[in-house]
Amino acid sequence: MDPNTLYHRTVESWAACVNAVAPEQWDDPTPCAEWTVRDLVNHVVGEDRWTVPLMEGRTIEQVGTALDGDLLGPDPIASALSAAKESVSVVADRLPRGNKVHLSYGDEESEEYVRQLAADHLVHGWDLAAATGGATRLDPHLVADVAAWFREREDLYRSGGVIGPRAPLTGDPQADLLAAFGRRARWGPNDAVLARFSSAFGAGDVDTIMALMTEDCVFEATSPAPDGQRHEGAAAVRRVWEELFAHTPGARFTEEEAFVCDDRGVLRWRFSWTEPDGTPGHVRGVDTLRFRDGKVSEKLSYVKG
């Protein structure tokens, strides 16, 4: 597939995903662990906005900080579609000229740059669809083209910290492309629940924690040894969290790793606090979780030591 057609079709695929984002979904988590839906869309809009000056021959220094920060404004869908339209237009106009583009790592052939952009639009389109409950099946022709291009670049991307560890390969072309980009093809609603749950603990937000747990939820605490204490029902579990955050100065949970498989999840965490004399303390532990009807129904906690 010629690079202009590839680029145009991946941007169209991306734009369709953006157009389907519901008003209440902009703060939802995505397969990109550090990004909400709005963060993800803002990232791609940034790429689209940069495409115009770079394809026209300008340097990063000439553009400066003009495209930093929030690019979505009050109407993120309109902003994203406008940026996509402008980028498609400039690529169609400038790509046939074969000029170089001035990137952060040096001058690059415009075709290579456009293929980089196409890969980002395709994979981030999947990220967005997975996060918002949209259609996650990618065009197999686009998958095959991007996969063939990426095969020789995967190690470079990973060594540069651009993508995460490769997920296990399955033999399915789309799943394997996502795996090469550090994604799990089965990322879904329970992954989103776990991301919200972990974030709520990091913020010490008891109301949000409990909103994400079922009425008949179960929590097994890490103490007293050797088996911990079992708390059953939302009211009992809420009391545990309220006491924890009220009586542990500087209490903070930090996620180290999270994984979901069907209705089960695993969350590795670090819990830190400050002693009355100012001395910091922490423990590291793991939760095994069970999901039901879009909420956490069971949380069994274990700690090192």
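Buried means under 20% relative accessible area, exposed means over 50%, and partly exposed lies in between (1.4 Å probe, protein chains only). The model on screen is predicted: local features need pLDDT of at least 70 and side-chain atom pairs pLDDT 80 or more, while totals for chains, interfaces and linings use all residues. Residues are numbered from 1 along each chain as its sequence is written, and side-chain values use heavy atoms, with hydrogens and water left out.

**Stop 1: Glu298 and Arg290**

Select Glu298, which is buried at a relative accessible area of 17%. A salt bridge here is a side-chain nitrogen of Lys or Arg within 4 Å of a carboxyl oxygen of Asp or Glu. Arg290 is partly exposed, at 31% relative accessibility. Next select Glu256, Glu257, Arg268 and Arg284, which salt bridges with shared partners join into one network.

**Stop 2: Arg196 and Asp28**

The count of salt bridges comes to 27. One of them pairs Arg196 with Asp28, where the closest N and O atoms are 3.4 Å apart. Arg196 sits in helix 9 (residues 189–203) and Asp28 in the loop between helix 1 (3–19) and helix 2 (37–55), so the pair ties together parts 168 residues apart in sequence. Helices (H or I, at least four residues) and strands (E, at least two) are DSSP runs, numbered from the N terminus. Asp28 is buried, at 15% relative accessibility, whereas Arg196 is partly exposed, at 30%.

**Stop 3: Arg230 and Glu232**

Here the side chains of Arg230 and Glu232 meet in a salt bridge of 2.8 Å, N to O. Arg230 is partly exposed, with a relative accessible area of 42%, and Glu232 is exposed, at 54%.

**Stop 4: the second largest pocket**

Select Ala221, Thr222, Ser223, Leu244 and Phe271, which lie nearest the centre of the second largest pocket among its 22 lining residues. The elements that give two or more residues to this lining are helix 11 (234–247), strand 6 (264–274), strand 7 (280–292) and strand 8 (295–303). Helix 11 gives the most, with 5 residues. On a 1 Å grid over the protein atoms alone, a pocket is an open set of points where a 1.4 Å probe fits, with protein on both sides within 12 Å along at least five of seven lines; lining residues have an atom within 4 Å of a point.

Colour the lining by residue type to find 12 nonpolar, 7 polar and 3 charged residues. Ala, Val, Leu, Ile, Met, Phe, Trp, Tyr, Cys and Pro count as nonpolar, Asp, Glu, Lys and Arg as charged, and the others, Gly among them, as polar.
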